[in-house]
Amino acid sequence: MPHKPKRLRLLKQKVVLLTLAGVVASSMLISCGQTVHVAKDAAVPASKAAEQKPQIYINQVGFLPNDHKVAVISPQQSGAFTVVSQATGQVVLNAKLQKKGIWPLSEENVSIADFSDLSQEGAYRLELADGKASALFSVGSMVYRQIHDASLKAYYFNRASMALSPEFAGPWARSAGHPDTQVNIHVSAASDARPTNTIISAPKGWYDAGDYGKYVVNSGISTYTLLLAYTHFKDFYQKRDGHIPESSDGLPDILNEVMWNLDWLQAMQDPNDGGVYHKLTTLNFAGSVMPENAHEQRYVVQKSTAAALNFAAVMAFASQVYQEFDSVYPGKSAAYKKAALGAWQWAKTHPEILYLQPEDVKTGAYGDKTLADEFAFAAAQLFVLTGDNSYLNEFLLLDQTPQTPSWSHTASLGYFTLLSFAQDLMSAKLYQQLENKLIKQANVMVAQLAESAYEVPLIKSDFVWGSNAVAMNKAMLLLIANQHKPNPEFRHGAVALTDYILGRNPTGYSYVTGFGQLSPMHIHHRQSEADDVVAPVPGFLAGGAQNGWQDQCNYPSKAPATSYIDDFCSYSTNEIAINWNAPLVYVLAALQSQTMPY
């Protein structure tokens with residue numbers, strides 16, 4: 001798709017550089033909301049990125065004082081390394097590099113610098129004997145708070161059907177787009193009660209990714225993960241000010257953000273039968289235009305069993321969570337429960353309605369031919385909500401194995417739910433059996449960590465479209481396992497995966513926009529491409545390296561972990577998506593929250 005590179009435009013918005021402990025990051029207009037920051041190297045063309053790539057790959061944002069701390073040195077070196085204080089210029093740690101060998105996924109022979117003994121808060125650089133130095137990084141008790149708040153604020157920036165005002169969006173303010181109050185029923189979704197081209201209203205929700213579609217299946221896992229973050233770290237979220245329009249309404253801001261999407265999801269259910277439309281989109285992807293300039297007719301497309309089950313699970317969870325706030329939003333919890341039960345009944349009556357992309361629809365399909373995991377996910381949620389053992393029995397009969405969560409593999413979400421909220425609803429023996437299955441999967445990841453020259457639990461099959469989301473979903477599973485059976489290696493693996501997306505990877509990029517010395521400037525995100533701000537909307541996790549090359553862009557390497565380019569062209573490595581940000585939010589909250597053991 002032709003596009004005009006941002007580097008050729010004039011910067012029309014006032015930006016300010018700010019260095020916090022030497023780490024350039026975006027303020028995201030979170031609490032104070034008055035200063036906007038842009039990456040220091042924002043004006044450097046993407047073509048120059050290779051010249052800036054460090055030989056020392058390190059988490060460019062920082063480390064919590066008591067966590068494991070390593071950097072990767074490529075190519076392999078021996079000898080000593082030092083860590084130098086930015087404040088004093090003094091060496092605070094001196095140690096030996098460890099030769100690790102070849103990481104096949106990047107085709108590099110590497111060494112590791114382990115500086116875990118450094119726990120004193122401050123700003124530092126890691127230096128090699130030849131004088132090469134790493135990006136500046138921080139050690140501190142608050143290092144993940146700002147980037148967490150930014151990754152959550154990204155959902156506000158991707159809201160449909162509303163204008164983003166300068167008060168809350170700063171230079172990324174924009175006009176409202178896609179009111180979605182005049183949406184047509186596509187022929188694939190037609191029924192006697194709602195024939196083809198019936199007009200319905202389904203406003204709000206989040207744009208799914210770099211495009212302007214809204215997809216129930218992918219929205220399901222995204223919404224669930226944010227709700228899980230809230231329920232696991234309530235104290236943390238009671239203290240977060242998201243600087244969004246609803247911030248003063250008496251609801252934690254993460255729940256305000258989620259409710260914007262829940263309102264849209266409710267409108268995707270057919271009130272006549274409880275079925276749920278699979279998606280709301282135009283027939284074709286929009287060009288590189290701002291939301292308010294995308295005017296093609298929007299449709300709801302086909303009901304599907306997968307959409308109904310994801311909807312049922314999320315609405316059941318929402319009913320559980322928002323019951324606590326019934327005095328603030330009366331009736332919400334009850335409405336969510338009713339919607340969940342209706343969708344479940346429709347799915348049981350129509351257990352194999354797979355989504356089949358109509359010939360005239362070219363937007364994302366999110367098709368799934370295996371639905372046992374979705375049935376298990378929804379059954380677990382409805383069991384927790386209702387206490388009805390028939391749902392638990394259904395979950396057990398389906399006998400799904402927990403694995404790394406994704407939009408097409410949701411069985412683990414059912415395990416997360418039962419282990420988090422159903423201990424008092426089942427026998428101790430059954431609870432232990434479910435817990436053991438989750439721990440077994442976490443131990444698989446620990447073994448992957450031990451075998452990796454990069455000291456990160458990633459394998460070849462993880463490098464798919466959205467590989468960075470795979471990394472964060474693995475980290476989330478490890479952290480949840482750690483809540484149930486504390487194991488330093490579980491947290492170690494989660495920290496390693498976080499380090500990976502924040503710079504300890506063979507591209508040298510911190511993959512979260514606006515954070516780190518080198519972060520993506522040309523994400524595949526229509527708003528960031530079409531606006532007049534040089535910096536992309538901050539807080540988004542880029543999809544990450546993978547060698548599928550679905551977009552036919554020019555990549556520097558065929559190796560899975562290095563096949564990445566910071567270019568709008570690259571929707572296969574540089575797009576953003578709501579389901580990629582969600583586990584990032586969870587992991588950063590888990591690592592930062594004081595409720596998590598070190």
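The briefing that follows takes these two topics in order, and the model it describes is a predicted one.

**Nonpolar cores**

- In soluble globular proteins, nonpolar side chains tend to be buried together.
- The largest nonpolar core here holds 161 residues, and the members that touch the most others are Tyr-237, Tyr-322 and Leu-418.
- Helix α7, which spans residues 305-322, gives this core its largest share, namely 14 residues.
- Leaving aside residues up to four places away in sequence, Tyr-322 touches Leu-227, Leu-251, Leu-255, Val-258, Met-259, Leu-262, Ser-333 and Tyr-336.
- There is also a second, separate core of 18 residues, and among them are Ile-58, Val-83, Leu-97 and Tyr-124.

**Backbone exceptions**

- Most residues other than glycine have a negative phi, and most peptide bonds are trans.
- The peptide bond that leads from Ser-74 to Pro-75 is cis, with omega near 0°, and Pro-75 is found in the loop between β5 (70-73) and β6 (80-85).
- Lys-204, although it is not a glycine, has a positive phi of about 70°, and Lys-204 is found in the loop that runs between β13 (199-200) and β14 (214-215).
- His-243 is likewise not a glycine and has a positive phi, of about 50°, and its place is in the loop between α5 (234-238) and α6 (253-267).

- Lys-204 counts as partly exposed because its relative accessibility is 26%, a value in between the limits of 20% for buried and 50% for exposed.
- His-243 has a relative accessible area of 11%, so His-243 is buried, since buried means under 20%.

Terms used: Residues numbered from 1 in each chain as written. Predicted model: local features only at pLDDT ≥ 70, side-chain atom pairs only at ≥ 80, totals over all residues. Heavy atoms only, no water. Core = buried A, V, L, I, M, F, W, Y, C linked by side-chain atoms within 4.5 Å. Buried < 20%, exposed > 50% of the residue type's maximum accessible area, 1.4 Å probe, protein only. Helix = DSSP H or I, 4+ residues; strand = E, 2+ residues; numbered from the N terminus. Contact = heavy atoms within 4.5 Å.
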